[in-house]
Amino acid sequence: MAQSSGNHDLFENLRLELRRGCLSLAVLSQLRTERYGYTLRKALADQGLEIDEGTLYPLLRRLESQGLLTSVWREEEKRNKRFYRLSPEGKQMLKQLGAEWQRINSSLKEIL
Amino acid sequence: MELLDRYLDAIEFWLPKRQKRDIIAELSEDLRSQIEEREAEVGRKLEDAEVEAILKRCGSPVEVAFRYRPQQYLIGPTLFPVYRFVLAVLLIGCVVPRFLIWLGFLIVDPAHRGYLHMENLWTTVVYFAFFTTLAFAIAERNGAKLEFLNTWNPRKLPAVRDPNRISRSNSLFEIAVVVGVNVWFASMFWPRPLINFYGVQITPAPVWKVIFWSYLFLSTCNLAVSVSNLFRPSWTRLRAGVRLAATALGYGLFCWASKAQMVAQISVPRLAPEDAVKLTNLINAAMASIFWYAVAIGIIALAFDLRRVVRVKSGREHGGSMGTAVKNLSDSMVNGS
């Protein structure tokens, strides 16, 4: 029982590690068009990549502080929302990361 | 929306000051959107329990707030292994000797154990730990660069240690000290009816002859091991065994000698005969009082030698270290090796 729980914890840790890098790439790819947090989450969830708000918003802030995103507060449907989109540096980074992802993905396909 | 406001307020408390409003506004918008979407689905206002479920899924306020904080550490992953090593060396160097002395007092002479309060020991430990941590935290904060991590070269790494290797310099050091001490000892304390020790006339007890020759015999055995180590600088089972036997016999001899009343009489210029008798008794009593200390040190020394024998046997002996030289030298004080 304890071993099963340990295995589950280990799996969760490894799964989180695996997801961490992928999420940045997924978020960058979705912000080629301008979105605010909630619609971004929904867009990702619709494509099978659930991400909770506690993970998404700190990630957006980090990407913005790294210069990969720009954001602007704007009123929409009578509420203030923060809209994000890729900066020029972000577009360049997305291109590089996308290529890297393809390379890893094709290697892993061969390996697995 | 009272629950939501309370939730956001609790998160706000833990957020970085400058980003509080911005983060709360964004998070609030997201949570309100979730609640509104759910309300649209069920066609009514959400109950408190339903809002509670949404907030619970989002995470505890502290957990959510801490995700916005940059990753912070007192000592980073680069410095941490060095910090741990330095701390361990300092603490072991500070704690172990004092603890052993305290333990010795506790066993042998409980009346005097108060000389070394354990409370003082803990205070010392806390000071060591505190100042070491502080120094490393300052180094981390000032961005200390460990240059050797960038400039290392495989050619400059130390040679792989042969666990059986004995450093020739250690052997030479042992031989020099042992020969010097033994020449002095033999010239000074050669068994004779009256020993002149820097003007003090000592009449040794008859047992002195046995002690003296036993000492010289053990000393010669150990010297032979050291000379052999010099020319064949690797521990063998035979030499490690001889060193173990010599250590056991040496400490045994020392313990026995400490209680053997070695001094029969002392004559000191300008000292009254009755005071000389008192001095003789005092010296014999002082020798006897170190019996248990000698036992304790002997056990530790034997443990080291035994470990060496076992390791040589299994081919994993760690020799040639400074620790070995120091330990051998301490043995030589007792064995005359």
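A crossing is left-handed if the near helix is turned anticlockwise from the far one by less than a right angle, and right-handed if clockwise.

**Ground rules**

I am working with a predicted model, where local features need pLDDT of at least 70 and side-chain atom pairs count only at pLDDT 80 or more, while totals for chains, interfaces and linings use all residues. Residues are numbered from 1 along each chain as its sequence is written, and chains are lettered from A and ligands numbered from 1 in the order in which they are written.

**Chain A**

I found four helices and three strands in chain A; helices (H or I, at least four residues) and strands (E, at least two) are DSSP runs, numbered from the N terminus. Read from the N terminus, the order is α-β-α-α-β-β-α. Of its 112 residues, 19% count as buried, meaning that 20 or more other C-beta atoms, placed from the backbone, lie within 10 Å of the residue's own.

I then turned to contacts, where two residues qualify if their C-beta atoms, placed from the backbone, lie within 7 Å. In chain A, residues 24 or more positions apart make up 46% of the contacts with a separation of 6 or more.

Next I checked helix H3 (residues 53-65) of chain A. Its 13 residues should span 18 Å at 1.5 Å a residue, and the end C-alpha atoms are 18 Å apart, so the two agree; the expected span is 1.5 Å times one less than the number of residues. I noted A:Glu53, A:Gly54, A:Tyr57, A:Leu60 and A:Leu63 as the buried residues of H3(A). After H3(A) comes A:Gly67, with a positive phi near 85 degrees.

**Chain B**

Chain B has 13 helices and three strands. Of its 337 residues, 18% count as buried. Residues 24 or more positions apart supply 75% of the chain B contacts with a separation of 6 or more.

Axes are lines fitted to C-alpha atoms, for helices over the stretch in contact, and angles run from 0 to 180 degrees between N-to-C directions.

Ala, Val, Leu, Ile, Met, Phe, Trp, Tyr, Cys and Pro count as nonpolar, Asp, Glu, Lys and Arg as charged, and the others, Gly among them, as polar.

On to H9(B) and helix H10 (residues 237-258) of chain B: the axes come within 10 Å and cross at roughly 155 degrees. That makes H9(B) roughly antiparallel to H10(B), and this crossing is left-handed.

H9(B) itself has 25 residues and reaches 37 Å from first C-alpha to last, close to the 36 Å expected. Its buried residues include B:Trp208, B:Tyr215, B:Leu218 and B:Asn222.

**Where the chains meet**

Lastly, I looked up the contact between the chains: it takes 11 residues from chain B and 12 residues from chain A. On the chain B side, helix H2 (residues 20-42) gives the most, with six residues. That side has five nonpolar, two polar and four charged residues.

Terms used
Buried ≥ 20, exposed ≤ 12 C-beta atoms within 10 Å, placed from the backbone. Parallel < 35°, antiparallel > 145°, perpendicular 65-115°, else oblique.
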